[in-house]
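Subject: Structure for your review

Hello,

Here is the structure I said I would pass on, with the sequence. My notes on it follow below.

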Amino acid sequence: MVELRLPGGTVRVVQGDITEMAVDAIVNAANAHLAGGGGVDGAIHWRGGPSIMRETRERFPQGCVTGGAVTTAAGELRARYVIHAVGPRWGVDDDAAALLASAWRSALAEAVDHDCASLAFPSLSTGAYGFPVQRAAAIAVGEVADALAASRSGKQIDVSICTFSESDREAYEGALRQLEGG
Ligand code: AR6
């Protein structure tokens, strides 16, 4: 397992099903309507039960901007919260790299606001939204490292990046090693 320790916490790459992770918060790869969908979003709503969608509809009827994130309870999942982050659609949204960075930053800020000591991210935007995974991985680990380095709370945050496939895991591990080396 590739893991990087920073003053504000730890970031590591794991492979598996994010819905099974016992962390304070898991991040969902949502759409701007927060309408649910396939991929990790479908898995989270399926495993977490209908209360997650009920809360999203009640509290965020307007949805969430691309590059933003909102937080709900996590229903029947092991996590306490689901942080719904909206990544950009590759080839559709202008400035996709900046929007992807913003989605990771927004989700990290939500985790801090909700006093989470541990959270797990999926590979935002690289499934249905088509963002190339190598580029996404470099952006993602950069944002996590910056957030942990900038942390002023004195609390440690444990961040897992949970990929589904082996090739995605390798992409994020490579990005993490590059960060460690440089
Ligand atoms: N655990 C971890 N990773 C998963 C899981 C899982 N259970 N299931 C899928 N992945 P995607 P996006 C991986 O398409 O590209 C939805 O319909 C998957 O292999 O879920 O941000 C939403 O409603 C891929 O590597 O998210 C939006 O409309 C990664 O999660 C849209 O798709 C992200 O793929 C969002 O697209």
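This is a predicted model: local features need pLDDT of at least 70, side-chain atom pairs count only at pLDDT 80 or more; totals for chains, interfaces and linings use all residues.

Cys162 has a relative accessible area of 4% and is therefore buried, given that the cut-off for buried is under 20%. A disulfide would need the sulfur atoms within 2.5 Å. Searching the whole structure for disulfides gave zero. Cys64, for its part, is in no disulfide, and its nearest cysteine sulfur, again that of Cys116, is 16 Å away. Cys64 also counts as buried, because its relative accessibility is 9%.

Next, helix H1, which spans residues 39–48. Its buried residues are Asp41, Ile44, His45 and Gly48. They lie on the same side of H1, because they cover an arc of only 90° around the axis. On the face of H1 turned away from the buried side are the exposed residues Gly39 and Trp46. What do the buried residues of H1 pack against? Their partners are strand S3 (25–30), helix H2 (51–59) and strand S5 (81–86). Just after H1 comes Gly49, with a positive phi of about 90°.

Glu110 belongs to helix H3 (residues 96–113). Glu110 is buried, yet has no salt bridge. The nearest side chain of opposite charge is that of Arg59, at 6.9 Å, whereas a salt bridge calls for a nitrogen of Lys or Arg within 4 Å of a carboxyl oxygen. Leaving aside residues up to four places away in sequence, Glu110 touches Ala69, Val70, Thr71 and Ile83.

The last item is Gln134, in helix H4 (residues 133–150). Is Gln134 buried or exposed? With a relative accessible area of 57%, Gln134 is exposed, the cut-off for exposed being over 50%. The C-alpha atoms of Gln134 and Gly174 are 8.6 Å apart, although 40 residues separate the two along the chain.

Regards

Terms used. Residues are numbered from 1 along each chain as its sequence is written. Side-chain values use heavy atoms; hydrogens and water are left out. Buried means under 20% relative accessible area, exposed over 50%, partly exposed in between (1.4 Å probe, protein chains only). Helices (H or I, at least four residues) and strands (E, at least two) are DSSP runs, numbered from the N terminus. Lys and Arg count as positive and Asp and Glu as negative; His and the chain ends are not counted. Contact means heavy atoms within 4.5 Å. The arc is that of the directions from the helix axis to the C-beta atoms.
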